[in-house]
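Please keep the sequence and the 3D view at hand while reading.

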There are 2 protein chains.
Amino acid sequence: MAKKQKVQRPKAQTPKGFRDYFGAEVAQRTDMLRTIAGVYHRYGFEALESSAVETVEALGKFLPDVDRPNEGVFAWQEEDEKGDGDWLALRYDLTAPLARVYAQHRNDLPTPYRRFAMGPVWRNEKPGPGRFRQFYQCDADTVGSGSVAADAEICAMLCDTLEAVGIERGDYVVRINNRKVLNGVLEAVFNWFNVIDLDHDDAETQRIKKEKLASDGSDGQAEISANILRTIDKYDKVGEQGVRELLMGGRKDSSGAFIDGVGLNRRQADLVIAFVTSKNDSNDETLTQLRYAIGESTVGEAGVDELQTMADLLAAGGYGPDRIVIDPSVVRGLGYYTGPVFEAELTFEIHDEKGRARSFGSVAGGGRYDDLVKRFTGQEVPATGISIGVDRLLAALHMKGRLTSDTTGPVVVTVMDRDRMADYQGIVSELRQAGIRSEVYLGNPKNFGNQLKYADQRNSPIAIIQGGDELAAGTLQIKDLILGAKIAQTATHEEWKDRPSQFEIPRADLVTRIKTLLDEQAK
Amino acid sequence: MAKKQKVQRPKAQTPKGFRDYFGAEVAQRTDMLRTIAGVYHRYGFEALESSAVETVEALGKFLPDVDRPNEGVFAWQEEDEKGDGDWLALRYDLTAPLARVYAQHRNDLPTPYRRFAMGPVWRNEKPGPGRFRQFYQCDADTVGSGSVAADAEICAMLCDTLEAVGIERGDYVVRINNRKVLNGVLEAVFNWFNVIDLDHDDAETQRIKKEKLASDGSDGQAEISANILRTIDKYDKVGEQGVRELLMGGRKDSSGAFIDGVGLNRRQADLVIAFVTSKNDSNDETLTQLRYAIGESTVGEAGVDELQTMADLLAAGGYGPDRIVIDPSVVRGLGYYTGPVFEAELTFEIHDEKGRARSFGSVAGGGRYDDLVKRFTGQEVPATGISIGVDRLLAALHMKGRLTSDTTGPVVVTVMDRDRMADYQGIVSELRQAGIRSEVYLGNPKNFGNQLKYADQRNSPIAIIQGGDELAAGTLQIKDLILGAKIAQTATHEEWKDRPSQFEIPRADLVTRIKTLLDEQAK
């Protein structure tokens, strides 16, 4: 005999940030994906399933919120003889693969190409509580249409989808915005007659400002733009007056420290403030205020026009401001959006871990991205789409108690005599052929109590028992486990006297009696 | 302006060995997975979805046909500060993750634990024609039951599954074998009274053989065993007499060269030959011959007994030798099988690339593996299961013309006046609310011919047209594209005179008329 060695056993653990999904969780997601696919399909979208693995080159650097290439993805190098194989990676979303697919197959695909895709994506991020490195997305995109009608349609479909999976009207809102609007506001801010304060700047100041504007070019403007954007983000915290002060000369914060301002004049600040405060219950009023905020900017005008057209198209289709809201605060993290952006928010309240009420928040987002396919082909291909975070949506439905998938276990046929396994298999065969979920207990049958414990653990509705006596009599014992559990809970057995939880039936009546009992239980 | 640089564009290509699936292909697979899940569920199995990524440590070295660790998987090292992060890999099958899941969650799971899992797996192999590095598997396993009834049930379920997805009875056979039988035959071969030929070996030869047998130990036997297995594999090529010669003294091959034999005596060769030729139309006769081939081997007897019990249980459930065949040639590549092994083969003929007829072959396989969970826990946990190769099964159904998923495109509403987009969206809104798949043409509407070409490319059944005249008259033009295509194919238009492919309907009748037309087309 060899000397006893210490056995190094592998750890039975998912890698950090990954998890397993069991039974009903899987069924609920499958059901939801099927429902969503049904809506997408009805809207004329075609399924696409690309592989989980792409070349790093094809995926590009579009990972949300991450500037560095390859950061945030799971990547590895292909082995080849020379050691310079391609770098491969798991897809981090479903949009980058779509751009690759469209560029690769564009001659065989219709234009516009409407496709939907659903499946896991992977992010190589630091895992945290409730933050997983593999999760499901469910996307629909229209590639090859520059029409804002395509964007509007996606928003309408998003409403239909949310309602189809069980989010009631009133419990969600689709907020829309347009990247061009904010760009237009910034353009207006840098327009010379806004930079120069004709009422207050003297001739010399005007000359200096004009020169500075010309020499600064885009670099100087980029820095000011970034400062403006940072200031806008503080609106929720410091309010309109606070933002105005920060945009202009600066202000004292709550600790008494002085925060430098961006240095805009009153006219410039007015535009930004108009933008920040534009959101209104009426989409029309929001649009009016945005038109003021963009001044003479052409790109800004295009953005507001697009928002107007989207809102009009949607309203004409019955998607009014109770569901579609123009909201200039919708930003969406991705740098690749070029026009309309949208976000679906669930508005019902939940309580966070500290018991504070807050709205559930975003479950889907998307927008127009006209440059993704261009990376491959050099030609600009307009595209727009939406991505639904399936796991978040499932969590929301779970909180609202609207997940109704059946968690009932199988009918369990117990084993009283292990030599009569064929008989017991015959019983489940009959039941299964009648479409009834059922199984023979396949553990060690010695301890009958373990068999009933198993049935309990499986959430079985019925156990079937046939010992020697029943065999001789041509009968079966039927144990109504749901009634049994109820009896166990009630203090008095009186009320259950007429419905005993165990009874005997003729073997020949198996299927009809079990069907009847299951129907009764389901009531 | 910066100097014009040469733009390096990424290649729009899937990595080698990966592919994209479009439209009907995706729908067909989704449908099939749903059907299979339905059967598995009816049998009492619960869904499990583990992540695509596992630690290399947890996956182990069980990759089929590959002896070297990490060979054949896509693996990478986790980044951490010390540079010694875990190695992670994409799962190469669904069984290794199951073993990890069961070991990790065993206190919360029922025993036996019946689970099914479906999803892609990845193999880092050299891609070839029709050989992909990502493909779907669809598994069902029973963990924690050592009963051969569990194996039998899996085989019955496999039959039901194949029939549920559209493989007719008679077009498939589930072949079963047991690893213990061949082990038993080898044990019998090395049994001293088989090694020693009592009729022919003289006393001195007997003494030498006994000594050699004692000193050889398992190493010598392992080499002879390997030679026997190699010889068995030649049965299809050289036939019974050829195998007999190769097992004993050797033989001349077709080129005249002499091939050395394994060196067995007649009695030993008899056992192996009995095993090799045991397959029979009657499972009973196969079992009788196997009982001879295993001699006095205890493990062999256990194997034959298990096969017998499986066949009996299955026959009692109606799964007779027309569907379940004991076939000792079923080997299954995986080293981890410990008892029963099974394989589903489609028996109908297809023609290979050279036009030769051959049977379609294996679409599913599995068996009993009692040691996989032990790797983690140290405790042996009996388990058995099946894996269906979904993509191969889809290919088979495709060849048989039994894939019936709907490839009809959406009703296309054309755009005659781009300022009336809201009207056109209103038309599809109505249709979609009635459950009719439809869309507005979202490409550039300038060229009307392109719109009809698009409808054609989408395989649309109907195009709807509303120009200024129809708007004024409160009507719509309906183009029956399926009838139109038929007319285009027929030489004479006479027979279609009464059913024009384009006609006008009142706008108010939209939904009812389109529904009627779609129903007619479906006939």
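Strand E8 (residues 172-178) of chain A runs antiparallel to strand E12 (residues 340-351) of chain A, and seven bridges join the pair. Within this pairing, A:Ile176 lies opposite A:Phe342 of E12(A). The model described here is a predicted one.

Both strands belong to an open sheet of nine strands with mixed pairing, whose order is E11(A)-E8(A)-E12(A)-E13(A)-E14(A)-E7(A)-E6(A)-E2(A)-E1(B). At its edges are strand E11 (324-326) of chain A and strand E1 (21-22) of chain B, each of which pairs on one side only. Another open sheet, also of nine strands and with mixed pairing, has the order E1(A)-E2(B)-E6(B)-E7(B)-E14(B)-E13(B)-E12(B)-E8(B)-E11(B). Here strand E1 (21-22) of chain A and strand E11 (324-326) of chain B are the edge strands, each with a single partner strand, so one side of each has no neighbour in the sheet. In this sheet, B:Ala117 stands opposite B:Asp139 in E7(B).

| Strand pair | Sense | Bridges |
|---|---|---|
| E8(A) and E12(A) | antiparallel | seven bridges |
| E6(B), residues 113-122, and E7(B), residues 134-143 | antiparallel | 10 bridges |
| E15(A), residues 411-413, and E17(A) | parallel | two bridges |
| E17(A) and E18(A), residues 475-480 | antiparallel | four bridges |

Strand E17 (residues 462-465) of chain A is covered on both faces, with A:Ile462 and A:Ile464 buried on one side and A:Ala463 and A:Ile465 buried on the other.

Beyond its neighbours within four places in sequence, A:Ile464 is in contact with residues including A:Val411, A:Val412, A:Ile427, A:Leu431, A:Leu476, A:Ile478, A:Leu510 and A:Ile514.

Helix H3 (residues 95-105) of chain B is mostly covered, since 10 of its 11 residues are buried; among them are B:Leu98, B:Arg100, B:Tyr102 and B:His105.

Chain A is divided into domain 1 (23-54 + 91-178 + 298-399), domain 2 (185-270) and domain 3 (411-522). The centres of domain 1 of chain A and domain 3 of chain A, taken over C-alpha atoms, are 48 Å apart.

How are the two chains related? Chain A is superposed on chain B by a rotation of 180° with 0.0 Å of shift along its axis, at an RMSD of 0.1 Å, and the two copies are therefore related as by a two-fold rotation axis. The same surface serves both copies, as 100% of the contact residues of chain A recur in chain B. A:Trp76 comes closest to the rotation axis among the residues of chain A, with its C-alpha at 2.8 Å.

Between the chains, 89 residues of chain A are in contact with 89 residues of chain B. The area buried between chain A and chain B is about 7600 Å², and carbon and sulfur atoms give 53% of it. In chain A, A:Glu49, A:Arg437 and A:Leu442 lose the most area to chain B, together accounting for 10% of what that side buries.

Conventions: Residues are numbered from 1 along each chain as its sequence is written. Chains are lettered from A and ligands numbered from 1 in the order in which they are written. This is a predicted model: local features need pLDDT of at least 70, side-chain atom pairs count only at pLDDT 80 or more; totals for chains, interfaces and linings use all residues. Side-chain values use heavy atoms; hydrogens and water are left out. Copies are superposed by least squares on the C-alpha atoms of residues with pLDDT of at least 70 in both. Contact means heavy atoms within 4.5 Å. Domain bounds come from an automatic or database domain assignment. Two strands pair if DSSP finds at least two bridges between them. Buried means under 20% relative accessible area, exposed over 50%, partly exposed in between (1.4 Å probe, protein chains only). Buried area is the accessible area (1.4 Å probe) that two parts lose on being put together, summed over both.
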